[in-house]
Amino acid sequence: MKRIWTAIIVGAVVLALPAAGIGQPRVTITYWQYFFESKVKLVDQLIAQFEAQYPGVKVAHEHFPYDAYNQKVASAVPAGQGPDVINLFYGWVPLYVDSGYLQSLPLDAFPPVQIERDYVPMIRASKLDGKYWAIPTAVRSLAMFYNADLFRSAAVVRPPVTWEEFQAAAERMTARDDRGRITTMGFGVAPSGQDHHLLREVLFRQWGAAPYSADNRRVTYATAAGAEALRWYTELITKSKVGAIDFFPGAGGYRNAFMAGRAGMIVDGSFAIGAIRRGTRASWGVATLPGRTVGGAPSNFGSYWVHGLTARAQGPRREAAIQFLKFLVSEQTQRLWLDAVGELPAFKRLVDDPRLGADPVMGPFVSALPYARATFFVDEAAQRQVLVDAVNEVVLNNKPPRQALEESAAKEQKILDEFWAKRKRP
Amino acid sequence: MAGRARGDPRVVLSYLILAAGSLVVAFPFFWMVASSLKPLAEIFDVRFLPTQPTIENYAEVLTRTQFPRWFANSLIIAAITTVSVAFFDALVGYALAKLQFPGRGLIFVLILATLMIPTEMLVIPWYIMSSANGWINTYWGIMFPGLITAFGIFLIRQFMSGVPDELLDAGRIDGVGEFGLFWRIALPQVKPAMAALCIFTFLGNWNAFLWPMIVIQTPNMRTLPVGLALFSGEAGSSWNLIMAGSALAIIPVLLVFLVLQRQIIEGIVLTGLRN
Amino acid sequence: MATQVAAARPLRRGLRIGQQRALWAYLFLAVPLLFFAGIRILPAISSLYISVHEWNIVSPNRPYVGGANFQTLAADPRFARAAINTVRYVLVGIPAQMVLGLGLALLLQRIVRFRGLFRALYFMPFITPIVAASWVWQWMYSVHLGPLNKILQAVGLPAQGFLRDPGQALYAVAAMVVWQYLGFQVVIFLAGLEAIPRVYLEAAEVDGATGWRLFWRITLPLLNPTLVFSAVYSTIVYLQLFTQVLNMTFQDQGGPLASTLTLVLYVYQLGFQRFKMGEAAAATAILFVVILAITLLQMRILSKPVEY
């Protein structure tokens, strides 16, 4: 009889506890990212650690297909739903800021001086109106992937260091059938893949045309030098015919062609390492992007996914979200991220690790981080389209590169003007 | 028409055209199946058939993902939606075709007009509605927009208009109620159209992507197309898995088609005008 | 009960019968109409409301901008391009789909053996998931590796650009859409053909009508409701073409050089990629008016009362 009473009392207390709010998380915040298996797994682990450190906070982790991520956000937000902390491509940040979706990072928790001291320089692209709006755990840069077997059979002795050598190597590796159709590309061209970044931040600059003005308000690549860079790039397709656009179908077709041994070289981001490692049959290597001249100024395009604080995070949720954000970009997380996801850490001091620089695959990406620039996109999809169209105008419509570039620059200038017109001059 | 002799050259020609056409038409489908049997290393080979056929893609899709769960979710949603659509669309289609009442033309145009706003523009209001009512991440939330369709109402109305009024009048004289006229007399007359409607509705919900993707929050609620979309990511798509998943996804729809297509052909032969 | 009594005395209580049937009709329609009002019509109206506002997803102030979104579109060459392309898809795709569909349905009706097999084969495209089908079609069109160019060159014709040629890409995509909808079309026409009571065909055959005469005089007129349905519904589908184009041109959506871009794909890019919901809604409003006008016109011209 006594035991029954004890059981009832214990049961009642246990049931009453949550109702009284004891032992129950006080705040639940939501984190959104796109689905990538290793990232999703890692973030689940990180959340468990975080919740152990902050027993009052619970983090709901939701993830969605990559290709539909923006749609998901665009539908949820007007309903007042959505996350407190969101993972975004850095190039979307100005658009999200412009829509009022992000709040700027609190100065006390993320002092700009400290950010600029700790992080690789490219993350300045997330500074707008003198404030930081989002912050990354990891960063990427571009490098050249090459098929070592094709190099050998074409007697290319080492990875090219100038674009001239690059073109020569591509020509030697290109194979065609008796009707002139390409069967193996020397260079897997992909204007809508990474090549539009290559044009903007690498080729234009190395040929002597800065793509944008220092304040990011003006498009400045439509010069004679810029046109020469575009001419060089498009002639790989039209004249020396070492590559063909959409050689393989689907998004990332150029990378698939490389993995299938049908492209000698591709320019790709560090985020592609995992896929290439899994899927490539031939032996392959990575090299730093070539330059215009030997010993000339190197350039690279850097990019990153950021975590931002949404306007939805207010009151206690905001406090919790800030703590979670700090946890997500901490040095410890960055290390785990590198091991589990294979993405380069965003802190300078972690990147400077000599073991990382000596890694044959990671090394070329890491060595580009100090000078890699992240384009300040105000409308990434539209700006990408503009440059992809410039390439197609030359390749498909035989437009002179200068004219194609001027038309594209005018279109892009309109996009920039529209964005800046809505913002106060500093 | 079906009663022609087997040796009739026109019939022989029909077979030839159909056979040639079906090769062309089904070719991409067979390519998909062939690709699904290729190991990752062969998936981008331009060869049609795999040199080393494997079922490892199927094994990976079935075991490493929540595929069985996605499959079940899709099945539940497609089945319930199809039953609802079959009933309501037929009822409305019948009323619009066979009953006289003020506002009939206007109501028909109004229903038809609802087809003219693309789903892409409706998902935001739907999401706001679902969010306010707690429908986010529920089966109901996934399927509510498709429970009655203008497409089906239009289809059934067109077929109902071919049902002779005499048949209904005869039923009225026999003392059949208004619902009975619809259910027992008119509905059997449009069996082929109903079978077609069921096939299309099942398929449409089975393949629906945009709205389910938006209203689903957690992995266990994902439908098949939303799940398959996870095989495409920033660093390209796992085409071997997409092909295997797609091949598996076809099976239930094919079964539904095979069962219902008999109704399309045999429906009227059995219940057609006897007088 | 009341209906039965009424039906038994049609002459005396004609008005009451009409009223009662109308009541039944409204009863049948009640739930569906409420459904459409809530799920389709109100959201559509809210979309029209958005079209006259500047609305970038979250920003709490959504100023009324009058016709500004419409003016922006009027001056936007991509929008014009998308509109022209969409009309082209309609003009090319629908006749091809209907003629092929009807031809196949007639052939399928004529044969006895392997009917089920052939019907299933022709239906396969419609059930193949669009992502997988698009990938295979892109392979077939591949300029350098695809079988189509291989065949062309084998018979001595020059290789074509297909999806890479701005002049051909739209038709290449349209061919894929026709292929996909063929199964749909065949099923609809088979159902329509089966719904034609045998007695009429048999009576006509007794009267000596055969072959084309039978087809033109009897089959086609009796198929009118099905033809109207196909024409009207396909027009709506083609005017809203989106998924197929997106998947066939995923790397350069609607490209190359916007040569395959459709209105709904552009709406999607404006609204969901660039967060310009106001402009997207304005484009939708224009599309809505166009589809409505075309549909009403089609219904008026094509629909004839069926008389057996």
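## Strand S12 of chain A and its partners

Two strands count as paired when DSSP finds at least two bridges between them. By that rule, strand S4 (residues 102-103) of chain A pairs with S12(A), the two being joined by 2 bridges and running antiparallel. Gln103(A) has Leu309(A) of S12(A) as its bridge partner. The model described here is predicted.

S12(A) spans residues 300-310. Strand S3 (residues 85-89) of chain A is antiparallel to S12(A), with 5 bridges between them, and Asn87(A) stands opposite His307(A) of S12(A). Strand S7 (residues 134-147) of chain A also pairs with S12(A) in the antiparallel sense, over 6 bridges. Here Ser141(A) has Gly302(A) of S12(A) as its bridge partner. Strand S14 (residues 372-373) of chain A, in contrast, pairs with S12(A) in the parallel sense, over 2 bridges.

## Burial of strand S12

Are the faces of S12(A) covered or uncovered? Both are covered. One side holds Asn300(A), Gly302(A), Tyr304(A), Val306(A), Gly308(A) and Thr310(A), all buried. In total, 11 of the 11 residues of S12(A) are buried.

## Helix H2 of chain A

Helix H2 of chain A covers residues 37-53, which is 17 residues. From its first C-alpha to its last, H2(A) reaches 25 Å, close to the 24 Å expected at 1.5 Å a residue.

Which residues of H2(A) are buried? They are Lys39(A), Val43(A), Leu46(A) and Phe50(A). These residues lie on the same side of H2(A) because they cover an arc of only 65° around the axis. An α-helix has 3.6 residues a turn, so residues three or four places apart point the same way. The exposed residues on the other side of H2(A) are Lys41(A), Asp44(A), Gln45(A), Ala48(A) and Ala52(A). The buried residues of H2(A) pack against strand S1 (27-34), strand S2 (57-64), helix H12 (315-328) and helix H13 (331-340) of chain A.

## Chain B

Chain B contains 13 helices and 2 strands. Its C-alpha trace spans about 70 × 65 × 30 Å along the principal axes. Chain B has 275 residues, of which 53% count as buried. Among contacts in chain B with a separation of 6 or more, 76% come from residues 24 or more positions apart.

## Contacts between chains

The contact between chains A and B takes 22 residues from chain B and 29 residues from chain A. On the side of chain B that touches chain A, at least two residues each come from helix H5 (119-133), helix H11 (210-215), strand S1 (232-233) and strand S2 (236-237) of chain B. H5(B) gives the most to this side, with 5 residues. The residues of this side divide into 13 nonpolar, 7 polar and 2 charged.

The contact between chains B and C takes 81 residues from chain C and 78 residues from chain B. Helix H2 (residues 14-51) of chain C gives the most to the side of chain C that touches chain B, with 19 residues. By class, this side of chain C has 62 nonpolar, 13 polar and 6 charged residues.

Conventions
Residues are numbered from 1 along each chain as its sequence is written. Chains are lettered from A and ligands numbered from 1 in the order in which they are written. This is a predicted model: local features need pLDDT of at least 70, side-chain atom pairs count only at pLDDT 80 or more; totals for chains, interfaces and linings use all residues. Helices (H or I, at least four residues) and strands (E, at least two) are DSSP runs, numbered from the N terminus. The expected span of a helix is 1.5 Å times one less than its number of residues. A residue is buried if 20 or more other C-beta atoms lie within 10 Å of its own, exposed if 12 or fewer, and partly exposed in between; C-beta atoms are placed from the backbone. The arc is that of the directions from the helix axis to the C-beta atoms. Two residues are in contact if their C-beta atoms, placed from the backbone, lie within 7 Å. Ala, Val, Leu, Ile, Met, Phe, Trp, Tyr, Cys and Pro count as nonpolar, Asp, Glu, Lys and Arg as charged, and the others, Gly among them, as polar.
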